[in-house]
Amino acid sequence: MSGRVLVGVKRVIDYAVKIRVKPDHSGVVTEGVKHSMNPFCEIAVEEAVKMKEKKLIKEVVAVSCGPQQVQETIRTALAMGADRGIHVEVSAKEYESLGPLQVSKILAALAKKEEAQLIILGKQAIDGDCNQTGQMTAALLDWPQGTFASEVTLEAGHVKVVREIDGGLETIKINTPAVLTADLRLNTPRYATLPNIMKAKKKKIANVKPADLGVELASKLQVLRVDEPPQREAGVKVESVDDLVGKLKEAGRI
Amino acid sequence: MTRIFDLSGVQTGLRLQSSQAAASANVAPKASLGFSFELTEQQKEFQELARRFAREEIVPVAAAYDRSGEYPVPVINRAWELGLMNSHIGEDYGGMGLSIFDACLITEELAYGCTGVQTAIEANSLGQMPVIIAGNEAQKKKYLGRMTEEPLMCAYCVTEPGAGSDVAGLKTRAVKTGDDYVVNGQKMWITNGGKANWYFLLARTSVDPKCPTSKAFTGFIVDADTPGIQIGRKELNMGQRCSDTRGITFEDVRIPKENVLIGEGAGFKIAMGAFDKTRPPVAAGATGLAQRALDEATNYSLERKAFGVVIAEHQAVSFLLAEMALKVELARMAYQRSAWEVDMGRRNTYFASIAKAYAGDIANQVASDAVQVFGGNGFNSDYPVEKLMRDAKIYQIYEGTAQIQRLIIAREHLGKYKK
């Protein structure tokens, strides 16, 4: 096995920022807004770096798709311990319609090119909340997938994954190469230390175009409208259980 | 290490909004106008790291350390691991050789978390600075090298019970005896006094009372375990209570001549020269405290209601906040200028004193105003601002009192006008 792990990292609006919808309802305001690495992607990077520290794998490659600014996110991954980065250049216009299907095609192509043993992604991005990229990537590659991972054990030729599912925890064993998606409790991402931030500047980030990977970016999806969630309205107090049942029936809830 | 989100009104999450205009990080830079307030990518990353560390690992424990007065060893060790300490030590000695400006960015963020913790860390830089600027190769390797190999502390040992501002009036004597110097005297208010692995010591070597200050004193590096050093009790102070401040007695302490910095009589200039590089970070620390006070007060004012509205909507309160914001922004610009000047290779004494004087004064004003915004709650130890007010006071005293800074500023200022 190549001992190479591909980690996808996405640049998203920082979780602490108050999101505002654009006046034309075409999307959310991103101009001048603080961005950072998707928290689940951080967990993915941490898992890969830990594997490298345990000498289970040899190289961690951080990948991000998007315009120029995503290089910041790749740098953060490098500062956390990734060895090199790949920036898949997507113009700002194309980025607006870049979704999980396109990203999965890109990741699948890169995984083949880089002969990756593992792809580790965050389970979902906090902007799109799609929770699709990991699954689609595995399907395109015909690789097994271990999603919502809260514990990962890499062994020769396979991975044991403990998955967080509705009923509790499910442990599966899948062969490598495989795709894993990180859930919240998989690990606690490290801070990049100051010396590592400085060392990260010397690490390489390669630029690649989707066309070079034979990937078409055209999306069949179109965002029609973005609205804020409805304002929370005041509740109504009722005197008795009968009243409650009556009101619920009125509102068509039961 | 657990990540903690949203404590006590201060957003301690991973990345925070602040007056540092983090939002502008994504705006394309315009062509250079020759004067820039823009941080480099690396500086932003350093700042981000320090900010995150302070909010996640210092803020949650600061109040407890303030109450107990216990030295924050785990926090200091963690800061050391992350590379947030000893930033001035050069790469030849295992350090990162950061600029004073970069060090200030980090210091402000740490101080935001707790100035007691930050002072303990900053005292290392103060103790090291004489060695950095005046040490020979062997001294640097021995005493700076060890700081980057394990989390050790050091201290700047100059002030005495009878001599603070009047450094030239210090009485600790160092007498040349064979190849050694024998030191006798008393030092006081030494930060990290009880935790230091070594001290920078200033002592009088000249016996001639008429000897000029520039020749009468000698700077030494002293190992803390040298026989004859008696460490006093930990002093109980108004604020920054987890920082370790002590009196130290030197009784026939022998220092080998290899530990003299530059040579006999060169001490005063070394001791004072260190300040040009350490005053900007101290100003940055005061600014961090002020920023914290401003954030706490602002968040409170947007939640607390009086007369039917949040108190931020009453002009008496919003004007208070406006003036607090004004002061914080100016203090920041002042320390940044003073750090930038010395990094450019210029003598920055004028700017360093301005920054330290201003930041120290406004930290006190802003902290006091923050307590005011909190009203009765502000006076109470369940709320974070009374600690800020107690912590702020020392910024007008140590590292050169507010009055000494004014002496320096006046001297520098008039010096420009005199023919």
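This is a predicted model: local features need pLDDT of at least 70, side-chain atom pairs count only at pLDDT 80 or more; totals for chains, interfaces and linings use all residues.
**Largest cavity, chain B**

Helix H3 (100-113) and helix H4 of chain B each put at least two residues into its lining. I then looked up its volume, which comes to about 90 Å³. Fourteen residues line this cavity; B:Leu84, B:Ser87, B:Thr107, B:Ile121 and B:Glu122 lie closest to its centre. I sorted the lining by class and got seven nonpolar, six polar and one charged. I also asked how many cavities of 30 Å³ or more the structure holds. The count is three.

**Second largest pocket**

Next I turned to the second largest pocket. I noted about 1,400 Å³ of space in it. Its lining runs to 47 residues. Nearest the centre I found B:Phe275, B:Ile397, B:Tyr398, B:Glu399 and B:Gly400. By class, I have 21 nonpolar, 15 polar and 11 charged residues in this lining.

Which elements of chain B each supply at least two residues here? I listed helix H4 (115-134), strand E3 (180-191), helix H7 (267-301), helix H10 (385-392) and helix H11 (402-417). H7(B) gives the most, with seven residues.

**H7(B) against H10(B)**

The crossing of H7(B) past H10(B) is left-handed.

**Helix H2 of chain A**

I moved to chain A and asked whether helix H2 (residues 70-80) is enclosed or open. Eight of its 11 residues are buried, so the rest of the structure largely encloses this helix. The buried set is A:Val70, A:Gln71, A:Thr73, A:Ile74, A:Ala77, A:Leu78, A:Ala79 and A:Met80. Just after H2(A), I found A:Gly81 with a positive phi of about 130°.

**A:Thr176**

Last, I looked up A:Thr176. This residue is in the loop between strand E9 (168-175) and strand E10 (178-182) of chain A. Is A:Thr176 buried or exposed? The relative accessible area of A:Thr176 is 13%. Buried means under 20%, so I marked A:Thr176 as buried.

Methods
Residues are numbered from 1 along each chain as its sequence is written. Chains are lettered from A and ligands numbered from 1 in the order in which they are written. Side-chain values use heavy atoms; hydrogens and water are left out. On a 1 Å grid over the protein atoms alone, a cavity is a set of points where a 1.4 Å probe fits but cannot get out, and a pocket is an open set with protein on both sides within 12 Å along at least five of seven lines; lining residues have an atom within 4 Å of a point. Grid points are joined across faces, edges and corners, and a volume is the space filled by probe spheres set on the points. Helices (H or I, at least four residues) and strands (E, at least two) are DSSP runs, numbered from the N terminus. Ala, Val, Leu, Ile, Met, Phe, Trp, Tyr, Cys and Pro count as nonpolar, Asp, Glu, Lys and Arg as charged, and the others, Gly among them, as polar. Buried means under 20% relative accessible area, exposed over 50%, partly exposed in between (1.4 Å probe, protein chains only). A crossing is left-handed if the near helix is turned anticlockwise from the far one by less than a right angle, and right-handed if clockwise.
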